[in-house]
Amino acid sequence: MRPIQASISHGALQHNLKVVKQRAPNSKVMAVVKANGYGHGLINVAHGLSAADGFAVLGLSEAIDLREAGFEQTILLLEGVFSEDEIKLASGFRVDIVVHSAPQIEMLERAKFARPINIHLKMNTGMNRLGFVPSEYINVFNRLKACKNVAGITLMTHFATADEEIGIAVPLRRFQNTTKDLQRPLSLANSAAILRHPEAHADWVRPGIMLYGATPVSGTPASKFDLKPAMQFTSEIIAVQILEKGESIGYGNRFTATLKTRVGIVACGYADGYPRHAPNGTPIAVNGKITQTLGRVSMDMLFCDLTDVPAANIGAPVELWGNIAPVDVVAEASGTVGYELLCAVSPRVPVKIAE
């Protein structure tokens, strides 16, 4: 087998969940485990986060997988349902749904099923993605309150700028002014709001990226928030080349040596989930020491500089991201965010669970 591997730490997941609870001690925690647990494996992550009060997913199949794996917590569909058949299944599996559009209300009103369903009614406070604008929110709430298929109603929004300098004051005020007379549970804060805006903690918080040990706030490392990486993405050196001055490597000769350079070839490429657009100089760790990538990432391999790691030979351990080379640092060098890299790890990469 190729030496590449993604090691998922339950201990890190548990630690990061404790950080959430320390930051928002009076809130229930809805752990966001969509996108296959942000690339860490849905059921793997759910076991690591079993102390959460609920799980938020994207699709009904994920929710059913969690139920069939024995998880009894609240499960929420973040985009709601797309058909009446899905509503019936959600009811049968005790899955809550986000309601964010008029057609979803109409489906709820028409559908016939035995067990009323809990909903999270989403307000659009400025993200302009999903949800009802404040001017129509109260009418929608009253309509759903009167619907025989609706059990509990939680009031919900999502902040577009919780991680930005502008903050959340305007959308939070918009939400509070609209809902001030509605005595219902509130669900407001994503990872950035949990860490930066305690005024938004409310009844539920919805941590996502922070649970996996990456930062939700650009420019602030995850370690500053006491978060630990849940994934260590590793491989090995499978060949070593010596470049003389003026020689190049890889497709397109994107790196040309300006002096004698020792180069390691790593068993990892963009088909494994490493970003193809990672430039020369992207941080990578070999034998526990930070060095840099060289040349263009290919489908199954990439290059790294071993000039200052003289003891590294074939079989030397490589950390693509994790404890030594944080995923956020690799992402920043590649012009993206840690979320994308974690979610992009390929199914062909073997996964190991660590406690």
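This tour moves through the structure one selection at a time and states what is found at each stop.

**Before starting**

The model is predicted: local features require pLDDT of at least 70 and side-chain atom pairs count only at pLDDT 80 or more, while totals for chains, interfaces and linings use all residues. Residues are numbered from 1 along each chain as its sequence is written, and side-chain values use heavy atoms, with hydrogens and water left out.

**The whole protein**

Of the 355 residues, 53% count as buried. Here buried means under 20% relative accessible area, exposed means over 50%, and partly exposed lies in between, with a 1.4 Å probe and protein chains only. Among contacts between residues at least 6 apart in sequence, 64% join residues at least 24 apart, a contact being heavy atoms within 4.5 Å.

**Helix α5**

Select residues 84-92, which form helix α5; its buried residues are I87, A90 and S91. Seen down the axis of α5, these residues fall within an arc of 100°, so they line one face of the helix. The arc is that of the directions from the helix axis to the C-beta atoms. On the other side of α5, D85 and G92 are exposed. Then select R94, which follows α5 and has a positive phi, near 55°.

**Helix α7**

Next, select residues 134-145, the 12 residues of helix α7. At 1.5 Å a residue this helix should span 16 Å, and its end C-alpha atoms are 17 Å apart, which agrees; the expected span is 1.5 Å times one less than the number of residues. Y137, V140, F141 and L144 are buried in α7. They cover an arc of only 105° around the axis, which puts them on the same side of α7. The face turned away from that buried side carries the exposed residues S135 and N139. Displaying β5 (96-99), α6 (102-110), β6 (117-123), β7 (150-157) and α8 (169-179) shows what the buried residues of α7 pack against.

Between β6 and α7 lies a loop that holds N128. Its phi is near 55°, a positive value in a residue other than glycine. N128 is exposed, with a relative accessible area of 63%.

Select Y38 in helix α2. It counts as buried at 7% relative accessibility, and its phi is near 50°, a positive value in a residue other than glycine. H40 lies in the loop between α2 (34-38) and α3 (42-48), and at 2% relative accessibility it counts as buried. The backbone oxygen of Y38 lies 2.9 Å from a polar atom of the H40 side chain. Leaving aside neighbours within four places in sequence, H40 is in contact with I8, V45, Y212, A230, M231 and L342.

**Pocket and cavities**

Which residues lie nearest the centre of the largest pocket? They are K34, Y38, R129, H158 and N190, out of 26 lining residues. The volume of the largest pocket is about 640 Å³. Helices α2, α9 (191-196) and α11 (338-343) each supply at least two residues of its lining.

The structure also holds 2 cavities of 30 Å³ or more. The largest cavity has a volume of about 40 Å³, and its lining includes Y212, A230, M231, W321 and L342.

On a 1 Å grid over the protein atoms alone, a cavity is a set of points where a 1.4 Å probe fits but cannot get out; a pocket is an open set with protein on both sides within 12 Å along at least five of seven lines, and lining residues have an atom within 4 Å of a point. Grid points are joined across faces, edges and corners, and a volume is the space filled by probe spheres set on the points.

**C268**

Finish at C268, in the loop between β13 (261-266) and β14 (283-286). At 0% relative accessibility, C268 counts as buried. C268 and F233 are 35 residues apart in sequence and 9.8 Å apart in space, C-alpha to C-alpha. Not counting residues up to four places away in sequence, C268 touches R2, I4, F233, S235, Y274, D300, M301, L302 and L320.

Terms used. Helices (H or I, at least four residues) and strands (E, at least two) are DSSP runs, numbered from the N terminus. A polar contact is a pair of N or O atoms within 3.5 Å; within protein, one must be able to donate a hydrogen and the other to accept it, and residues adjacent in sequence count only if both atoms are side-chain atoms.
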